[in-house]
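User: Hi! I am new to reading protein structures and would like to go through one with you, question by question. Could you show it to me?

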Amino acid sequence: MSDDLFKKITSHAKEYGFVYPSSEIYDGLSAVYDYGPNGVLLKNNIKQYWWKAMVQLHENIVGIDAAIFMHPTVWKASGHTDAFNDPLIDNKDSKKRYRADQLVEDHLAKIQAKIEKEVRKARKRFGDAFDEAKFRAEHPRVQKYAAQIDEISRKLNNALANNDLAALKALIDELEIADPVSGTRNWTDVKQFNLMFQTQLGAVAGSAQHLYLRPETAQGIFVNFNNVLKTARVKIPFGIAQIGKAFRNEIIARQFIFRMREFEQMEMQFFVRPGTEMKWYESWKEKRMHWHRSLGFPADLYRFKDHEQLAHYANAATDIEFRFPFGFKELEGIHSRTDFDLRRHEEFSGRKMRYFDPETRETYIPYVIETSIGLDRMFLAVLSASYAEESLDDGSTRIVLRIPAILAPVQVAVLPLVKKDGLPEKAREIFDRLKWDFQVQYDEKDAIGRRYRRQDAIGTPYAVTVDHQTLTDNTVTLRNRDTMQQERIPADDIPHILNQRLNLKAWLD
Ligand code: GAP
């Protein structure tokens, strides 16, 4: 995968109504995006697929929908007011601001690129005889670069773990990192910058209460722990799930919808008996990976990356990373958060956040396993893994989004072969029957080949074509997006066939 491919995916997303820059007529707003007609359908289908897997299929998981505005003390208790920071550095010549850790990460990426270049050169030189693993393990220059990466990563992780801003600055100086804009090394000191957006409640200046836009949905779950406990008749172990917006004033806002300032999270907090959390952590790791793999994309697009530096409240944490066009990056986090959040809310609110366990007859603050996935990142993962450019037998090419049928924005297109002879009327009749159960698109404009291409480009898995034979025997052709094969079937069988292919159990189980 490459930068070039990523650019193509980004422009395809815009051209076909998936994602637009926000407020584009005013030249956009950095790292904020809007979803278009196909985008919103895909996004809703991803939400549904997650919600059903988490809430509908687990009798011990319930959902909530908490408000974005929360009492400001929530963020004191959660630690976000004091510690939800990024280390920033300014270049005095360009006046540009950067995330200090990201400058070092970019430097590491450059060294990694040198390794990849050596590997490419060697592969070209040795052809089929090339043993890549051996080359990476033994080639002196590759070894030297790998050692540099290890050493720099160690220093970076130490500085971040100890919140040592001077050490971070020293590392930037030591590596002689220059500003990509001005080319100079004229840096300020590194400062902490809180990522929460502030706003205020109330109209009267002076008496207004300062609020934050929530930077994660999880806290809406924690503060409702007692409410859910009292009203949902849940018993430990149980989970509370939520899908909703979160906001972060990200400094490095690039890579399209990968890192946004306004985004959506799908989070679930699973409350367990203290001491059993590792068992549940392993179980949720496995379940969440299974959910991703159920979509049928190649297995090598996913990997676990355990956190080396644990946050102070976690006793285990891993990321499910996805191979985006720009490399493996975090898609979902699975964290064992101990009893940190409930305990802190108990301290700050003065309300008990406890559970009476009828089995052990003990009262305790439950431990929590969290699964947290970015909806927009999942959207980008689906787009990236689905996008393909294919050369066809007739010498033409097509762009096809091989979106898993269960997520596809439009599930079936209904196309009259020609715009006359009563075919549009018959096709409309079929469209009207299908629209109650499926997202259907009717299209009669242009030659049939062009219409197939249009549906391929938005990832419609099936197309029903109505031709002259349909008028005599009520059969249609059903075209498969991926194989481009067509089968002749009775029009009355379409709902049954689609239901079979879009069956949740068949996908998830
Ligand atoms: N409650 C835990 C939490 O918020 P996180 O790792 O900061 O953990 C969870 O975020 C997920 O939210 C990430 O794995 C990612 O998919 C998504 N996410 C985080 N920041 C994001 C951003 N700026 N833009 C888009 N998605 C983001």
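Analyst: Here it is, and what follows is a set of questions and answers about this predicted model.

User: Let's begin with the whole protein. How many helices and strands are there in the secondary structure of the protein?

Analyst: The C-alpha atoms fill a box of roughly 80 × 65 × 55 Å along the principal axes. Within the protein, the secondary structure comes to 18 helices and 23 strands.

User: What share of the residues of the protein count as buried?

Analyst: A residue counts as buried when its relative accessible area is under 20%. The protein has 509 residues, and the buried share comes to 49%.

User: And what is the accessible surface of the protein, in Å²?

Analyst: Carbon and sulfur atoms hold 49% of this surface. The accessible surface of the protein as a whole is about 25100 Å².

User: How far is a nitrogen atom of the ligand from an N or O atom in the side chain of Glu216?

Analyst: Let's look at a few polar atoms around the ligand. A polar side-chain atom of Glu370 lies 2.8 Å from a ligand nitrogen, and a side-chain N or O atom of Gln265 is 3.0 Å from a ligand oxygen. For Glu216, the distance from a side-chain N or O atom to a ligand nitrogen is 2.6 Å.

User: How much of the ligand's exposed area does the protein bury?

Analyst: Start with the ligand taken alone, which exposes 550 Å². Of that area, the protein buries 91%.

User: Now for salt bridges. In the one between Arg97 and Asp90, which residue counts as buried?

Analyst: The closest N and O atoms of Arg97 and Asp90 are 2.9 Å apart. Arg97 has a relative accessible area of 42%, so Arg97 is partly exposed. The other residue has 16% relative accessibility, so the one that counts as buried is Asp90.

User: Arg354 and Glu346 meet in a salt bridge as well. What is the relative accessible area of Glu346?

Analyst: The N to O distance in this pair is 2.7 Å. Arg354 has 30% relative accessibility and counts as partly exposed. Glu346 is buried, and the relative accessible area of Glu346 is 12%.

User: How many residues apart in sequence are the parts tied together by Glu487 and Arg501?

Analyst: The side chains of Glu487 and Arg501 meet in a salt bridge, 3.2 Å from N to O. Glu487 lies in strand S23 (residues 486–490) and Arg501 in helix H17 (residues 494–501), so the pair ties together parts whose separation in sequence is 14 residues.

User: How many salt bridges does the count come to?

Analyst: Some residues join up in a network of salt bridges, including Glu390, Arg398 and Asp456. The count of salt bridges comes to 45.

User: With which side chain does the side chain of Thr475 make a polar contact?

Analyst: Thr475 lies in strand S22 (residues 475–480). At 12% relative accessibility, Thr475 counts as buried. Beyond four places in sequence, Thr475 is in contact with residues including Asp467, Arg488 and Ile489. The polar contact of the Thr475 side chain, at 2.8 Å, is with the side chain of Arg488.

User: Last one! How far apart in space are the C-alpha atoms of Leu88 and Phe193?

Analyst: Leu88 is found in strand S4 (residues 85–90) and is buried, with a relative accessible area of 3%. Among the residues that Leu88 touches beyond four places in sequence are Tyr98, Val190 and Phe193. Leu88 and Phe193 are 105 residues apart in sequence, while their C-alpha to C-alpha distance in space is 6.5 Å.

How values were computed:
Residues are numbered from 1 along each chain as its sequence is written. This is a predicted model: local features need pLDDT of at least 70, side-chain atom pairs count only at pLDDT 80 or more; totals for chains, interfaces and linings use all residues. Side-chain values use heavy atoms; hydrogens and water are left out. A polar contact is a pair of N or O atoms within 3.5 Å; within protein, one must be able to donate a hydrogen and the other to accept it, and residues adjacent in sequence count only if both atoms are side-chain atoms. Accessible areas come from the Shrake-Rupley method with a 1.4 Å probe; for residues, only the protein chains shown count as cover. Helices (H or I, at least four residues) and strands (E, at least two) are DSSP runs, numbered from the N terminus. Buried means under 20% relative accessible area, exposed over 50%, partly exposed in between (1.4 Å probe, protein chains only). A salt bridge is a side-chain nitrogen of Lys or Arg within 4 Å of a carboxyl oxygen of Asp or Glu. Contact means heavy atoms within 4.5 Å.
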